[in-house]
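Hi everyone, thanks for coming.

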Amino acid sequence: MYGIIASIVDGVLVGSVYGLAAMGLTLIWGVMNVINLTHGAMIVAGMFGLYFLTSALGVPAYAALPPVLVVGLAVGVGLYWLAVHRMIGRPPLMSLLSTFSVNLVIIGLGTAAWGTVLFNVEVTLPGLSWHGYTFPGTHIMAALLTALLAGLLYVFLYRTRLGKAVRAVSGNREAAELVGIPTTRVLSLAFGLGVALACVSGALIATLFPFTVLAGGAYQLKSFVVTVLGGLGNPAGALIGGIALGLVEGLATPFMPVSWTPIIEFLLFIAVLIAFPGGLLMLRRS
Amino acid sequence: MSPRRPFFWIIALVIAVFAAAPLVGDNVQLRESLLLAAVYMTLASNLNMMMGYAGYVNFGNIVFFGLGGYICVYLLSAAAWPLLPAALAAGICVSLLALLFGLGVLRLRGAYFALATIGINEAVKAFVNNFGPWGGATGLYLSTELFAPLGGPRQALWTIYFLLVGIMGLSLYLSYAVKSSKFGLGLLAIGQNEDAAAVLGVPTRRYKALVYSASAFLPALAGGLYFFKSAFIQPVDAFDLQFSTEAIVIVMLGGQGTVTGAAVGAYLYEELRGWLLTSETFSSFQLVIAGALLLLIVLFMPGGLMGWVYERWPRLKRVLE
């Protein structure tokens with residue numbers, strides 16, 4: 001019994017990081033109705049960013065997170081101008097294809113450079129023991145940092161002028177333009193933020209598990225599941241969705257091999273989409 | 001579709017050229033390259049019905065091909081079925097599965113559906129990796145004795161080639177038939193504006209599920225034959241991201257929504273790929289090149305090759321569908 005509870009708690013700790021990644025995806029969707037298919041590649045980019053900062057430059061793992069965040073923001077803004085800007089207002093097919101193509105280029109470059117070898121970042125933190133079960137220190141730290149980053153995002157969106165501008169554009173772009181908000185720049189910032197969140201959550205995941213260049217696909221699927229749980233376009237919902245997904249994964253781990261998780265996730269995804277097309281948390285609004 | 005339209009005979013001519021060209025001088029190298037082109041054409045024309053007509057990107061289109069391959073190889077090796085019934089059974093099974101999945105998932109619109117198709121690729125791959133009877137991650141191997149009923153390996157390769165060319169031809173005729181039917185008009189209406197189509201009485205959900213299922217049949221059949229030819233199947237090959245991506249690139253390159261575009265795009269892409277593979281610098285950058293090509297098309301030439309041709313010679317629109 002303690003084993004199952006420990007597994008669930010651990011699942012929730014890890015799930016909160018998935019929630020952070022999904023916040024990036026859902027933020028972009030909420031502001032500009034674009035599904036960012038570079039999401040998985042950006043998660044992997046964050047993993048490799050952390051790997052090279054720690055192994056090549058000797059930066060401590062958690063000190064490497066701010067540079068990953070900043071570079072992710074810059075890359076995201078650049079990507080917006082490269083692949084997304086011309087797709088705003090066109091059929092969703094086009095933005096899906098353009099972000100998908102960037103994703104291919106990044107994954108292609110990654111596999112050409114590093115193949116599909118397993119990488120690992122060593123982080124040693126003392127864990128917490130509880131009834132003979134140990135919660136790894138890295139898992140606890142990742143969950144705490146996720147809470148911190150989510151809090152910072154909340155402060156940005158609700159307490160700063162720029163963040164309020166992002167929310168205004170998300171609500172009604174024409175009206176925002178009319179009151180003098182430079183909406184195009186705000187869109188590029190929002191895309192940058194979404195990508196930065198994906199990168200930093202990738203870096204956090206890299207402190208938990210080993211990874212390959214192709215790991216993005218599986219984590220991207222997790223983000224999709226989390227966003228439909230929380231409702232597309234709702235960052236707070238994404239965090240709760242992530243925790244819910246972690247709970248499900250934690251509950252499943254003692255009973256079946258880990259390699260079955262994508263199947264469970266996918267079934268959950270389909271079930272939620274069919275039963276609650278607006279996401280579980282959108283029920284209140286309707 | 002009617003034999004009185006020139007396009008009907010253009011397709012027939014393409015099939016005849018594909019069937020006859022490698023026979024001249026017993027050209028095995030040409031046959032292998034045309035075989036791959038035929039597979040690309042099959043995948044692209046069927047994806048085009050989803051993507052070009054109904055406006056739904058199916059990122060998981062390779063699932064049909066891979067699952068078809070698995071079912072066919074399994075029936076051949078475990079149940080000792082002859083090739084043709086096994087391939088047909090694979091096509092029918094995958095088509096039915098697609099119909100069930102489509103009825104459930106195609107209630108979802110636009111972006112949600114695209115997410116579901118990416119998910120299904122990951123989920124099916126994970127399932128096959130864990131599924132004992134299908135050999136898990138190591139896959140299934142066929143003994144070469146299975147080539148015997150087709151007259152030995154040498155003759156069998158020719159037979160499979162002709163069968164695949166036949167499937168390619170059927171794919172082109174299917175795309176053409178759908179496009180010129182009421183069903184196809186309904187799909188094109190869904191692609192332009194789903195709400196308006198529904199108001200005008202197009203049964204959007206049923207049509208979407210039907211086209212999803214119809215676009216599964218021939219790729220599954222082709223998958224069965226393709227993996228019979230290679231005599232083994234592994235999850236990595238069967239659900240290759242590359243193949244699925246290439247089909248999307250091809251449809252966009254040729255011009256989405258056109259039968260000719262999907263075919264010409266497939267042929268051009270196969271030539272390009274063959275050239276890239278032989279060049280050492282480029283062979284490891286295939287995915288990068290496919291991605292960059294797709295980005296350029298989406299950004300600057302969303303109509304693809306056929307869009308450009310139609311603009312230049314508008315009268316061709318009436319001949320080349």
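Let me start with a question: which residues does A190(A) touch, not counting residues up to four places away in sequence? They are L27(A), I28(A), V31(A), M32(A) and V166(A), where contact means that C-beta atoms, placed from the backbone, lie within 7 Å.

Before going on, some housekeeping. This is a predicted model, in which local features need pLDDT of at least 70, side-chain atom pairs count only at pLDDT 80 or more, and totals for chains, interfaces and linings use all residues. Residues are numbered from 1 along each chain as its sequence is written, while chains are lettered from A and ligands numbered from 1 in the order in which they are written.

Back to A190(A). Together with L164(B), A190(A) touches the most other members of the largest nonpolar core, which has 200 residues. Such a core is a set of buried Ala, Val, Leu, Ile, Met, Phe, Trp, Tyr and Cys residues joined through C-beta atoms within 7 Å; buried means that 20 or more other C-beta atoms lie within 10 Å of the residue's own. Helix α8 (residues 183-208) of chain A supplies the largest share, 16 residues. Helices here are DSSP runs of H or I with at least four residues, strands are runs of E with at least two, and both are numbered from the N terminus.

Now to helix α1 of chain A, residues 2-32. From first C-alpha to last, this 31-residue helix reaches 45 Å, close to the 45 Å expected at 1.5 Å a residue, a span counted as 1.5 Å times one less than the number of residues. In α1(A), 23 of the 31 residues are buried. Just after α1(A) comes N33(A), with a positive phi of about 50 degrees.

How do the chains meet? In all, 33 residues of chain A are in contact with 34 residues of chain B. On chain A's side, α4(A) gives the most, with 15 residues.

Chain B has 15 helices and two strands, and 51% of its 321 residues count as buried.

For the complex, the predictor gives an ipTM of 0.86 and a pTM of 0.87.

Notes:
Contact = placed C-beta atoms within 7 Å. Buried ≥ 20, exposed ≤ 12 C-beta atoms within 10 Å, placed from the backbone.
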